Amino acid sequence: MAQSLELLLIQFLMPDNDARRQAEEQIKRLAKDPQVVPALVQHLRTAKTPNVRQLAAVLLRKKITGHWAKLPPQTKQLVKDALIESITLEHSPPVRRASANVVSIVAKYAVPAGEWPDLLNFLFQCSQSSQEDHREVALILFSSLTETIGNAFQPYFSDLQTLLLKCLQDATSNRVRVAALKAVGSFLEFTCDGDEVVKFRDFIPSILNVSRQCLASGEEDVAVLAFEIFDELIESPAPLLGDSIKSIVQFSLEVCSSQNLEQNTRHQVAIQIISWLAKFKSNSLKKYKLVNPILQVMCPLLALSTDGDDDDDLAPDRAAAEVIDTMALNLPKHVFPPVLEFASISIQNTNPKFREASVTALGVISEGCSLLMKDKLEPVLHIVLMALRDAEQMVRGAASFAVGQFAEHLQPEIISQHQSVLPCILNAIDDASDEVKEKSYYALAAFCDNMGEEILPFLDPLMNKLLSALQSSSRNLQETCMSAIGSVAAAAEQAFMPYAERVLELMKAFMVLTGHEDLRSRARATELVGIVAMTVGRAGMEPILAPYIEAAISGFGFDYSELREYTHGFFSNVAEILGDGFVKYLPHVIPLAFSSCHLDDGSAVDIDDSDEENIGVGGVSSDDEAHDEPRVRNISIRTGVLDEKAAATQALGLFALHTKSAYAPYLEESLRIMIKHCAYFHEDVRLQAVIGLKNILTVALAVFESHNDGPVKAKEVLGTVMNIFVKAMNEDDDKELVAQVCTNVADIVKECGYAAVEPFMPQIVESTLQLLQEQSACQQIESDSEDEEDDAEHDEILMDSVSDLLPAFSKAMGSHFAPIFLQLFDALMKFSKASRPPQDRTMVVATLAEVAQNMGAPISAYVDRVMPLVLKELLSSEATNRRNAAFCVGELCKNGGEPTLRFYGDILRALYPLFGESEPDNAVRDNAAGAIARMIMVQPEAIPLNQVLPVFLKVLPLKEDHEESLAVYGCVCTLVLSSNPQIIASTPDLVRIFAEVAISPDETPEIKIQIGRAFSHLLSLYGQQLQPILSNLSPAHASALASLSPRS
């Protein structure tokens, strides 16, 4: 075989394709015989040309896996000896590297079996050889062996680290230093032990030195390996970087600022490292004062926009924007001031690219820095609205984008500026540039999404422009125009009705487009019909719905994920407006949603198989067992499918919610899908799954009520759902999802009652405590900042949802909640520290108020600790804080018993300003009145009624918060019915208040009945003496009041 194989190897390397093909076929046939192994080994050592020796090594690597176990011991030894000789004696570097690759494959089987005990000793000796080639190949082998026998290195790990550090600092050979760099990367990728990984901190200076040398000599691909190593170190939870982070940032900034380097090196790699640092080590960036130096490089990069492909993710401005966005999300307080300064200066620059960068920067940070930008909205808007009027198209386009970002992230404050913003957007819609128009439609859509009646004065001019554009623009503009119309319709609600018929008629043509290039427009039209349907309602849509449903269903015949995604959304909207009328469509739409949920994600994987590419032998291997596991280099997910899955999952939940028991035939499969998707890799799908799971649970519990084995089934499903939710609270890393899960759990507790959830309460309470202590998976932050101060920043939405659990528990358990509240109290109160932002403190106060209301008397044990906080919050500059504090103080006094008495004087003094002209908020005043009412009802003798009642009655009737009506009017009526002299003295005020309550559409019949009794009592006391007071009332008020009292 050896002789014929040599000829075939030579023939395979010939340029003649036919000869090459013949050789390949014969090599495949010979390769099935185990004797091919010694034959290839012979040619690896004796062939005259390096190409043949390299080819022999490559083929050996491919075939030896399938044959190794069948080889006799002497042949195995022959192979090992030949490989060692090739590594140490071979002059050709490619042959040495190919032989090293074979060693790593053989070692995979031989080392664990104890068949190659001297391999590691050989490698250690080789790595310390005086010959550069030996040192290099030993390091190459250390790299490749970590992938196959990494565990065998564990006992020698400390020695290996010492060796690698020494080789990184090799004084004579750059090749050795580069090989050491690659080996460090391999070991870091393999090592999971935090204590071992920490030791690599000492390598950072040497890694930086090697990288700089590689960049200087043009070996950028090698320098990129350093960034991959930094990536491993950054993502590790262990405190790895220390003050080395300064050197890494400095090096990354040098690289991304260097015009001489490849764009990939500068932007995708160097800038990505800074982005990861901002995400995973943000406290370290603060600690070492690196935020400003980074922004001083990143902000100007926004002005380096290219005129090339719009989808070029490596473009400098896009890469810089990604970093600034990540930094804003993780370090808002440190990012906003320098970015605002950059924007304020750059908007005046004569270079339009800097003016564009100015508004781009503000748009990019608006999500992360939203709270700070809301406080500085005027100067920020001044810059952006000025840019909307800029002479340069690129600046106007960036400004439109920024307005859209503000509309998404600066709610509700941005809407208060609609008088200045909307006219500017209207002007931009008429821009000569299609790009500016498109971004203006986006801005309009985002802005209108959160508007209500404020849009009405602009409705007609807006719709005239949009409808005109819809019929005369390019497809691209028509699509963004449809999005804008959808937002306008959602904001205008019933006021949109005059435009609905025309819009729906126009959409018919779009919903039957079939050209592939038109399917995106069809998707947008389908979405828009669903939004308009919500405005029109069941009565208006049901008679005309059939062609739209038919067109929507037929859209699933096209292989276009976005169309399917938007169609699921359309069906969800139709289900909401039709309710039980949607049941007839379930057999048609449910299979479509199931199909989307079961779609393959279509992951695309790129394999690194560089040896074969170098000499073109990719097709030689034929047997399956001969394939080694290649390294996966790159994974990408078809995001269109992901969005489709999320929409389909959402649709199933909404179908269940709106069709109720009629959904029963689809419960089992839907439940399976929701459970599976709750563990999905992407948070968008998981989020829709946890929302849908709650809806499916509600329907399932209702359906099971009519089954004989219903209680057993209900208990089983509830158990499954609660276990998934508790697991998510503890382990899911997405804050929005965990917030939704907390809301779901609170709703389940309210709807099912304490008895149903009692088996799960220990786990739920423990999970709630973990979240309050900010120790759950979604709250994990870096560990590099042991000496950092307590960081007050956290996710407000998450903590609001977590804190809502306590009122839900207390409502279900009443006074039995006391032992659980004791467990949670200290963790909750942490958020009330003075260092915390106002929204944290009012969250605590609102939670305490509801717990006091629901738990009752056990709250008395906490009065001394919480009352000082609540009194301080009554003086807050934030209306929400004052409102919640007023409500809380009333509930504490109502349920807190004797411990509250000593605070009454302080409470009255703190409440008094809330009744005066200086209090601008009616809801605050209403809650202050509620507090006084509760105090009077529980401790009337502790209140100086002669001083308090005139102030109290003056602010009545209630203006905004009618949830206080029961307490306030209950107190007033109780005092009147008991003929309390202090309140009877205010009879003219009482008649006025009673008349206002009688005519109010906001008050319940129960409240009005109560008022009627009190008014009848006044009539019984004063009779005709009330006539002058009653005659001062308007006829409508007098009539409403008379109708409440049979005696009037």
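Helix axes are taken as lines fitted to C-alpha atoms over the stretch in contact, with angles running from 0 to 180 degrees between N-to-C directions. The structure is a predicted model, in which local features need pLDDT of at least 70 and side-chain atom pairs count only at pLDDT 80 or more, whereas totals for chains, interfaces and linings use all residues. Residues are numbered from 1 along each chain as its sequence is written, and side-chain values use heavy atoms, with hydrogens and water left out.

Helices are DSSP runs (H or I, at least four residues) numbered from the N terminus. The axes of helix α36 (residues 683-704) and helix α38 (residues 735-752) come within 9 Å and cross at roughly 10°. Helix α36 is therefore roughly parallel to α38, a term applied to angles under 35 degrees. Contact denotes heavy atoms within 4.5 Å. On the α36 side, the residues meeting α38 include Leu-687, Val-690, Ile-691 and Lys-694, and those contributed by α38 include Leu-737, Val-741, Asn-744 and Ile-748. The residues of this contact comprise 9 nonpolar, 3 polar and 6 charged (nonpolar: Ala, Val, Leu, Ile, Met, Phe, Trp, Tyr, Cys and Pro; charged: Asp, Glu, Lys and Arg; polar: the others, Gly among them).

Helix α38 also contains Val-749. This residue has a relative accessible area of 2% and is thus buried (under 20% relative accessible area, with a 1.4 Å probe and protein chains only). Beyond its neighbours within four places in sequence, Val-749 contacts Val-757, Ala-808, Phe-809 and Ala-812. The C-alpha atoms of Val-749 and Met-813 are 9.7 Å apart, across a sequence separation of 64 residues.

Aromatic rings of Phe, Tyr and Trp (its six-membered ring) are paired if their centres lie within 6.5 Å; planes under 30 degrees apart count as stacked, over 60 as edge-to-face and the rest as tilted. The count by this rule is 13 aromatic pairs. Phe-582 and Phe-655 form a tilted pair, because their ring centres are 5.2 Å apart and their planes lie at 35°. This pair links distant parts of the chain, with Phe-582 in the loop between α31 (561-578) and α32 (586-597) and Phe-655 in helix α34 (residues 639-659). Relative accessible area is 0% for Phe-582, which is buried, and Phe-655 is buried at 1%. The rings of Phe-821 and Phe-825, with centres 5.6 Å apart and planes at 65°, are edge-to-face. Both residues lie in helix α43 (residues 818-829), about one turn apart, and both are buried. Phe-821 and Phe-825 belong to one aromatic cluster with Phe-809, Phe-817 and Tyr-862.

How values were computed
Helices (H or I, at least four residues) and strands (E, at least two) are DSSP runs, numbered from the N terminus. Angles under 35 degrees count as roughly parallel, over 145 as roughly antiparallel, 65 to 115 as roughly perpendicular and the rest as oblique. Buried means under 20% relative accessible area, exposed over 50%, partly exposed in between (1.4 Å probe, protein chains only).
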